[in-house]
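Let's take a friendly walk through this model together. Have your viewer open, and follow along from one element to the next.

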Amino acid sequence: MSLHLIDHPVIRERLTRIRSVDSGTAVFRAALHDVSRLLCYEVTRDFETAPVPVITPLCETVGHRLARPVVLAPILRAGMGMLHGFTEILGDSAIGTIGLERDEQTLEARRYHFRMPGDLSECEIILIDPMLATGGSSADAVDELKREGARRIRFACLIAAPEGVAAFTARHPDVPVYAAALDERLDERAYIVPGLGDAGDRYFAT
Ligand code: PRP
Ligand code: URA
C-alpha cells in the first residue's frame, strides 16, 4: 500500500487548528494553507530533475530544472483550499479542475466539471483534495485523469480514513497517496472520525 504519512511537528499543530470546532473560517483557511505548503515539499520529494546550464556572477555551471511539467488537479470544492499552498512552491504549474460532489445518500461522486490543460501524458499530476473518506471521489477523479492520458499521478490529501485508503489503492495501486493524518474510521454517514467535519463547508463558509 503506497500511503505516505507526512509527520511533522508544524503539520501536527496546524492540523489541530483545522480539526477544532472552535476554529473560525480565517484560522481554518490559514492552517490549511500552511499544511498544504509543507505537504508540497514531501509530495514532490522524488520528482526527477534534468540538468540545465546556469550562469552565476562568477562562471557557468550546471543547475537543475524539474524534468516534467506539473499539473495541479484540485477536486472542487474543498481541493481549492489546498491549491494556493501548492502554487506557492510550484508557481509554473498548470491547474486542471475536477468538479465532484458526493451524493450524501448513495455516497457516489457525481461529476459536474472536468477541465485539464492539454496533453497529460508527459506531466506529473498532483491530485489535491483534503479528504479521502470512502475513496470514491478521488478514485473516480483518477479514472478520469487516466482516460485523459495521465500516466504519472500522485494524490495529496490532508486526512485519510483507513477504509478510503484501502478502496483507493485497490482501484489505483499505481497512485501513491500522501496524507498528513490517517484517522480512525468512517461514521455511518461516511464522515471521517475524528476528522474535521465537512471540508468544503468549512473552507467556503457555507
Ligand atoms: C468531500 C471531499 C472529497 C469527498 C471525499 O467533497 O472534499 O471530495 O467529499 O469523500 P469520498 O472519499 O467518500 O468520496 P464533497 O462531495 O462534500 O464536495 P464539496 O467539496 O463540494 O463540499
Ligand atoms: N467529506 C468531508 O468533507 N468530510 C468527511 O469527513 C468526509 C467526506
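Pro-194 sits in the loop between strand E15 (192–193) and H6; here helices (H or I, at least four residues) and strands (E, at least two) are DSSP runs, numbered from the N terminus. The bond that joins Val-193 to Pro-194 is a cis peptide, with omega about 5°. Before going further, a word on the ground rules: this is a predicted model, where local features need pLDDT of at least 70, side-chain atom pairs count only at pLDDT 80 or more, and totals for chains, interfaces and linings use all residues. Residues are numbered from 1 along each chain as its sequence is written, chains are lettered from A and ligands numbered from 1 in the order in which they are written, and side-chain values use heavy atoms, leaving out hydrogens and water.

Another cis peptide bond runs from Leu-76 to Arg-77, with omega near -5°. Arg-77 belongs to the loop between E4 and helix H3 (80–89). Backbone interest continues at Leu-107, a residue other than glycine whose phi is positive, near 65°. You will find Leu-107 in the loop between E6 and strand E7 (109–115). For context, most residues other than glycine have a negative phi, and most peptide bonds are trans.

Now for the helices. How do H1 and H2 cross? The axes of H1 (residues 9–19) and H2 (residues 25–43) come within 9 Å and cross at roughly 150°; axes are lines fitted to C-alpha atoms, for helices over the stretch in contact, and angles run from 0 to 180 degrees between N-to-C directions. H1 is therefore roughly antiparallel to H2 (under 35 degrees counts as roughly parallel, over 145 as roughly antiparallel, 65 to 115 as roughly perpendicular and the rest as oblique). The contact (heavy atoms within 4.5 Å) involves residues including Ile-11, Leu-15 and Ile-18 of H1 and Phe-28, Leu-32 and Val-35 of H2. By class, this contact has 11 nonpolar, no polar and three charged residues (Ala, Val, Leu, Ile, Met, Phe, Trp, Tyr, Cys and Pro count as nonpolar, Asp, Glu, Lys and Arg as charged, and the others, Gly among them, as polar).

H2 also packs against H3, at an angle of about 50° with the axes 7 Å apart, which means that H2 is oblique to H3. Among the residues that meet are His-33, Ser-36 and Tyr-41 in H2 and Met-82, His-84 and Phe-86 in H3. The contact of H2 with H3 divides into eight nonpolar, five polar and two charged residues.
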